[in-house]
Structure formats: structure tokens, C-alpha cells
Amino acid sequence: MVPLLELVSRAHAERLRQFFTDARYNEEKLGEVLGLVELPSVRLRNLPRLLDRTREPGLLNTLLRWFWVGASQETSAIKPLVPAPIVDLLVESRLLRRENGRLVPEAMLIPFEGFLVASHHTSSIDAGDPEMVLWPNPTTRLLLRFTLRRPSRQTLDLGTGTGILALKAATHSEKVVATDLNPQAAAFARFNALLNGVENVECLQGDAFAPVAGRKFDLIFSNPPFFITPGAEYLFCDNPMELDQLCRHLVREAPAHLEPGGYFQMLCEWVQVTGQDWHERVGEWFQGNGCDAWVLKGSTVDPSEYAQQRISEVSNSTEHDARLYDEYMAYYRQRRVEAIHKGLVTMRLRPGKNWVLMEDINDAPREPFGDAIERRFTARDFLADHATDEQMLEVKPRLSPHARLEELFQQNADGWQTTSLTLKLTRGFPSTVGVQPIVAEFLSALNGSRTLGEVIDALSAKVNATPERVRKECLGVTRRLIEFGFIIW
């Protein structure tokens, strides 16, 4: 096991941080040098390529070989490149160790979202270290895009890993608590907070909500170990409970730690078993928990594909693949698992009658969409507060500035003919709605200057339909488009 990292003082942390900044050890430059489209993109079995990309002597390549590739280097070779006081700091903080005239890296350092993040190296998977702390990865970036960025007094990062999401949350929170079952993870998160000069993060070690018993938060988010596997080899990914019960457990426990109006967000996986619809299975998680809930189901994989994918992610050897695959498939067959779903869960604690919404999404947006998540909740609040036609007719709605109308043409004997009109959102969720020309005309009049009733009355005078029918259809369209974010108020 890699020794725990340690920074002696804030001054030392600041010196190291400035050194890496001056060396241009950042996402843009590393992507250029390593030939990566997006960081982090650490992959196993790519050592020859990385060594080749960093073969030229230089400060940045020296740092990359240590803290990305994981290669030791001769002390004499790096003397002209790295100042001796910096080497001493790296050794003192246990990022490096001296061994037989060489400097050996003890951790990875990944620039991510403006922070410098320490983690275990990929070699920890080779060694089978159950307490390895994973570097920022695609699920980290997904949760980062998914989480709300609203101001928060108290925020909880449950299962913090390196602490990178806690560091990001610290920018819009008065206080962030970062917890992890893995003592190595809590130590890395503490180190990363000090390394990046973030002072409003508290790092605790313990299982699930145990470290924060009795405390409440405005925002809780979690990237838990949701892998549905027959064993619990790695703390960072393997679900220690039966099938998807860890995710269910967190959903059931979270409301007790939320302030009124507080949000809980989680990446998760759940199973579909023979004879039970997944909506029914997941719906039970939210029954009577006092929260509104929005479940976004992403991809679905069959157990055989899932087993192969998960085994490849936590193993750098094919030696035991057949045995592991047989164990996985026996586990799924015994429990009648016919599919595994991946998704996102958002809950909000609210008194009164709660709602649960479950939707399929083809792909999560590639840009931050936490604000779109929150707008869906506030839109449903608005619709509940304007449940009658009379209340809605007094509203002065307007189209979202991110709404676009696309017209599709097809050539015929008389020239170009319109075949469809599609309303699209260019930010947040990539929603699309087909509309008729008369609806498009109605929507163009929603600019916030007139009440909905006034716009509908003006439209009624132009069309061959009774005012009652126009009002009914326009109100229906308006409510639907408010919920999906096309119309704001």
C-alpha cells in the first residue's frame, strides 16, 4: 500500500501548486502532449505509448513520467530540470521517494477542472489493492455535470474518493463535508484540499451516513460503489450489498440528512429481474420517503455484456477472466437478473404529496446540466401552484432563450414544401417537440409582455376554431412546454 501523502504546511502546498502551474501541468497542455482529447483518460496497458510521448528531456515530460506514467527516474538526470527544494518538498509530502539513486513516484497527479488531484496509480489495480483510490474518471465528470451548483450552506460529498467533487462544491458552499468508507480515500481528499488551498472542506472516514449522524445538508451528492458484482474486491467500485441494495439504502437514508428543500443526487445502477418491471423496483425506493424524485435511466446492458465490461475495468490481466466471468454469470442467473440499467437520481425533500418521475435519456448532456435538473423541479412547483386555468391565464410566459424552431423542407413539383417543424432546446437536456404551424405562431407571441390569456385571445381571432377549444389546446401546450423547459415565466 502506498504511504499516506502528507503536506506539512499551507506554504508548502502553495509552493508546490505554483510550481506545477509554472510548469504548465494543466489539462490543455497535457492533452496536447499525451494526445488525449479529454482528461482524464488514463488507460491500462498503454505504457509504451506514454513513454514514447514523453521521451524528450524537459520539465513537463519529467513530471508526466512521474505523476502520469508512474515511471521512476534517475536523480542525476532530473537535477537540471527540477529545483532541489521542490524535489525535497515532493519527497517530504510522499509524492516521491528516494530509492537507489532514483526518484520513484508514489501517486498520480491529475489536473482536473482547475484543481491538481492526487490519487493512487493504475498499478494499484495490477496489485489488487482493495483500498486503492481511483483517479478522476468518466463517472466523476458525469456527476460533476449532473450536480446542482446552487448556493449551499452545508454540502455532503458521500463517497468522496479523491475529494475532487468536494473541492468543486466548495466554490458554491459555505462548508463541504467529504466522507468515505476507505481511510485511504479520506486521507487523499484531505491532502488534495490542502494542496489546492481549499479550506472549507472537512474530510471524514466512515460507512455511508455514519460519519454525519444527526447532521443535515442543503445538498448531498454521491458516486457510490454501485457495481453489481458477486464480490467486493475494490472499495471504490464494488457494491458490498446484494444486487442494487446499496443504492436503495442510500435513497432510503438520505432524507433524514436533508434540510427542507434540500437535494440528494446520485449516480447508480439497478437490476431488472424476471417478472418485475424496473419502474416498479426503483419506484419502491422512494415510497413514503418525503421526497420528490426524478430518475433518469440511461443505458441498459444484458448481464453477459455487463460482466465483461466490469471485469475489464478492474483487471489488467486476462489470466483469471474466465473464472471471474463464470462467477459473475452464476450470480446473475441465480438471482434472475435479465438486464442492468444505469442512471441518475435526484430527490428533493418537500412536505405534502410527493411525485416520482422516471424517464429514459439517450445520453447525458456533455455540458453542465445541474441547472436544468433544478428547473424541472421548480417547473413542477410552478405548475402545481397554477393548477387552475384562471391562474395560468394570468401568467406572462416567454420562450426560453435556448429554444430553437427548426423547419424541414422537401422538394415537390411546386418547389420546397415544409414537412415538419421541431422545437429544440440547445442547452440542458436535448429535448425536442414536434409542433404544428399554428402552435409555432402561438409560441412566437410568448415574449413576457402579455398574459397567456391575452395571447390566446389574439390567436382565437385568427383561427377557425371556437375560443374554448383554442384556450384548452393552448393551455395544454403551455403546461407541457413549461415542464420540459421550453417556456419560462
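This is a predicted model: local features need pLDDT of at least 70, side-chain atom pairs count only at pLDDT 80 or more; totals for chains, interfaces and linings use all residues.
Residues are numbered from 1 along each chain as its sequence is written, and side-chain values use heavy atoms, with hydrogens and water left out.

**View 1. S119 sits in strand β5, residues 115-119.** Helices (H or I, at least four residues) and strands (E, at least two) are DSSP runs, numbered from the N terminus. S119 is buried because its relative accessibility is 0%; buried means under 20% relative accessible area, exposed over 50%, and partly exposed in between (1.4 Å probe, protein chains only). Leaving aside residues up to four places away in sequence, S119 touches A107, M108, V133, L134, W135, T162 and F188, where contact means heavy atoms within 4.5 Å.

**View 2. Three strands form an open, antiparallel sheet in the order β1-β3-β2.** The edge strands, β1 (73-74) and β2 (96-99), each pair on one side only; two strands pair if DSSP finds at least two bridges between them. Four bridges join β2 to β3 (residues 102-105) in the antiparallel sense, and R97 stands opposite V104 in β3. Helix α6 (residues 84-92) packs on this sheet, touching β2 and β3, and its direction makes about 100° with that of β2. Axes are lines fitted to C-alpha atoms, for helices over the stretch in contact, and angles run from 0 to 180 degrees between N-to-C directions.

**View 3. Eight strands make an open sheet with mixed pairing, ordered β8-β7-β6-β9-β10-β12-β11-β13.** β8 (201-205) and β13 (356-360) each have a single partner strand, so one side of each lacks a neighbour in the sheet. From one strand to the next, the twist averages 20°. Look for β9 (residues 217-222) and β10 (residues 258-273), which pair in the parallel sense over five bridges; F217 stands opposite L258 in β10. Helix α11 (residues 245-253) packs on the sheet, touching β6 (152-158), β9, β10 and β12 (337-349), with its direction at about 160° to that of β10.

**View 4. The axes of helices α18 (residues 452-460) and α19 (residues 467-483) come within 10 Å and cross at roughly 130°.** The two helices are therefore oblique to each other: angles under 35 degrees count as roughly parallel, over 145 as roughly antiparallel, 65 to 115 as roughly perpendicular and the rest as oblique. The contact involves L452, I456, D457, L459 and S460 of α18, along with P467, V470, R471, C474, L475 and T478 of α19.
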